[in-house]
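Trainee: I am new to this structure. Please show me how to read its features.

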Amino acid sequence: MEFEHIPVLFYETVDSLDIKPDGIYADCTAGGGGHSKEIADRLSEKGRLIAFDRDPDAIKNLREKFASYKNVTVVNRNFSEIDLVAAELGIEGFDGIIADLGVSSFQLDTPERGFSFRSDAPLDMRMSKEGMSARDVINTYSEKELTRIFTSYGEEKFAKSIARIIVSRREKTPFETTFQLVDAIKDGIPARARREGGHPAKRVFQAVRIEVNAESVDLAPSVEKMFSLLKTGGVLSIITFHSLEDRTVKNMFRKFTEGCTCPKDFPVCVCGNTPRGKLKFKSVAPSQEELERNPRSHSARLRSIEKLR
């Protein structure tokens, strides 16, 4: 299957960078290379793009796509290591960085990767194809741990009953496939609730994917690293797909734009704090036209910040 990913908020994201032809840029989740190619095509021979991805299938595709581009470097690393990669490549700062935090269309549409609740496949969900899998999480985490991740990462109202059913069933037969997990999730949700709000398994699958790939653990410190690596005037733009991600990015951007922290009753500022960045805009959602063209974009939000110092 050919690696494909429909870039969400495509021009809004690339345009937010105000690309300088001779600038240095990073796409932290290059995936199918859509955003990356548009950035690279706007650069001169002196410009540079670093395209990150931890998925080996994505890396194979990216290396083929950019084989003729002398100003594009493809790296098979997690964006949480952007500071290490920058040091290895001798890059002191970026003019712009983007990150599209959504799971790619290729990953969702390749059944054997185990990301989708709509296809029966081995429980996997590993973006890097290495380390702990969804099967490990479902079969080894305690009921309390499962309840925690379903609640925290999936905001699942029925987390406790779903976790209880999973633990009960795996005592007889270990979970091996996505449909086994879907059946357990459905049985843990009241019939009336199953008929509301889309597929009943989507929140738990999201939660397990986040746990498997340490997405929640990596995000806040990674956003800090990305912002710190911007040159003055550089731009960081991030696309999120669920409230947990968006809340984290929003809070980090608020931290970067925070000025004086003195108590309100102080007559003058004594802390000396000034904003490190300014928002280019609060957030941008997909247009109706994009929603019709790509239904998977419905929860996407783009946030962008410029570094002041």
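Predicted model: local features only at pLDDT ≥ 70, side-chain atom pairs only at ≥ 80, totals over all residues.

Mentor: Residues are numbered from 1 along each chain as its sequence is written, and side-chain values use heavy atoms, with hydrogens and water left out.

Trainee: How much space lies in the largest pocket?

Mentor: The general idea comes before the case. Rolling a probe the size of a water molecule over the atoms shows where empty space is left. A pocket is an open set of points, on a 1 Å grid over the protein atoms alone, where a 1.4 Å probe fits, with protein on both sides within 12 Å along at least five of seven lines. Its volume is the space filled by probe spheres set on the points, which are joined across faces, edges and corners. Here the largest pocket holds about 940 Å³. It is lined by 32 residues, and Leu108, Phe117, Lys202, His298 and Ser299 are the closest to its centre. A lining residue has an atom within 4 Å of a point.

Trainee: Which helix gives the largest share of that lining?

Mentor: Helices are DSSP runs (H or I, at least four residues), numbered from the N terminus. H11 gives the largest share, 5 residues. Helix H5 (105-109), helix H11 (202-212) and helix H13 (243-257) each supply at least two. By class, the lining has 10 nonpolar, 14 polar and 8 charged residues. Nonpolar means Ala, Val, Leu, Ile, Met, Phe, Trp, Tyr, Cys and Pro; charged means Asp, Glu, Lys and Arg; polar means the others, Gly among them.

Trainee: What is the volume of the second largest pocket?

Mentor: About 410 Å³. Its lining has 28 residues, with Thr29, Phe79, Asp100, Leu101 and Met127 the closest to its centre. Helix H12 (215-228) gives the most, with 5 residues.

Trainee: How many aromatic pairs does the structure hold?

Mentor: Rings of Phe, Tyr and Trp (its six-membered ring) pair if their centres lie within 6.5 Å; planes under 30 degrees apart are stacked, over 60 edge-to-face, and the rest tilted. The structure holds 5 such pairs. In one, the rings of Phe117 and Phe205 have centres 5.7 Å apart and planes at 90°, so the pair is edge-to-face. Phe117 is in the loop between H5 and helix H6 (134-140), and Phe205 is in H11, 88 residues apart.

Trainee: Is Phe205 buried or exposed?

Mentor: Buried means under 20% relative accessible area, exposed over 50%, and partly exposed in between (1.4 Å probe, protein chains only). Phe205 is buried at 3%. Phe117 is buried too, at 16%.

Trainee: Which pair is stacked?

Mentor: Phe227 and Phe256 are stacked, with 4.0 Å between centres and 5° between planes. Phe227 lies in H12 and Phe256 in H13, so the pair ties together parts 29 residues apart in sequence. Phe227, Phe253 and Phe256 form one aromatic cluster.

Trainee: Where is Met127 found?

Mentor: Met127 is in the loop between H5 and H6. Met127 counts as buried, at 10% relative accessibility. Contact means heavy atoms within 4.5 Å. Beyond residues up to four places away in sequence, Met127 touches several residues, including Arg54, Gln107, Arg209 and Glu215.
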